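Please read the numbered points with the sequence and the model side by side.

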Amino acid sequence: MNSARELLQKYWNHESFREPQEEIINAVLAKNDVVTLLPTGAGKSVCFQIPALLKEGVCIVISPLIALMEDQVENLQKKGMK
């Protein structure tokens, strides 16, 4: 099984997480309820994408930003993720 950091390196080509991404990801993986407020460009998407890759099942994200969601799906597909 891959770790969160291994997935970050493999798909995003980053060696480390931004503050507080790793803390958020670890809380999600520990099955804690998490509310995250970060500014645009702070890497919120990685905070749900990586746990979704590490856990079984489906990740559902509800957002009014349809264009952003479409962009994220396109970028994930370019990286070879379903």
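1. A residue is called buried when its relative accessible area is under 20%, exposed when that area is over 50%, and partly exposed in between. The model under review is a predicted one. Leu53 has a relative accessible area of 37%, so by these limits Leu53 is partly exposed.

2. Leu53 belongs to helix H3, which covers residues 44-54. Leaving aside residues up to four places away in sequence, Leu53 touches Leu7, Tyr11, Trp12 and Met81.

3. Across the whole structure, a search finds one aromatic pair. The ring centres of Tyr11 and Trp12 are 6.2 Å apart and the ring planes stand at 80°, so this pair is classed as edge-to-face. The cut-off behind that class is an angle over 60 degrees. Tyr11 and Trp12 are both buried.

4. Which residues of H3 are buried? They are Ser45, Val46, Cys47, Gln49, Ile50, Pro51 and Leu54. Their cover includes helix H1 (4-12), helix H2 (21-29) and H4.

5. How many disulfides are counted? The count is zero. For Cys47, the nearest cysteine sulfur is that of Cys59, 11 Å away, and Cys47 is in no disulfide. Cys59 is likewise in no disulfide, its nearest cysteine sulfur being that of Cys47. A disulfide would require the two sulfur atoms to lie within 2.5 Å.

6. The last point concerns the surface. Val58, Ile60 and Ile62 make a nonpolar surface patch of about 430 Å². Val58 lies in the loop between helix H3 (44-54) and helix H4 (66-78). Is Val58 buried or exposed? Val58 has a relative accessible area of 75%, so this residue is exposed.

Notes:
Residues numbered from 1 in each chain as written. Predicted model: local features only at pLDDT ≥ 70, side-chain atom pairs only at ≥ 80, totals over all residues. Heavy atoms only, no water. Patch = residues over 30% accessible without salt bridge, like charges linked within 9 Å, V, L, I, M, F, W, Y side chains within 5 Å. Areas by Shrake-Rupley, 256 points an atom, 1.4 Å probe, with all protein chains shown as cover. Salt bridge = Lys/Arg side-chain N within 4 Å of Asp/Glu carboxyl O. Helix = DSSP H or I, 4+ residues; strand = E, 2+ residues; numbered from the N terminus. Buried < 20%, exposed > 50% of the residue type's maximum accessible area, 1.4 Å probe, protein only. Phe/Tyr/Trp six-rings, centres within 6.5 Å; stacked < 30°, edge-to-face > 60°. Contact = heavy atoms within 4.5 Å.
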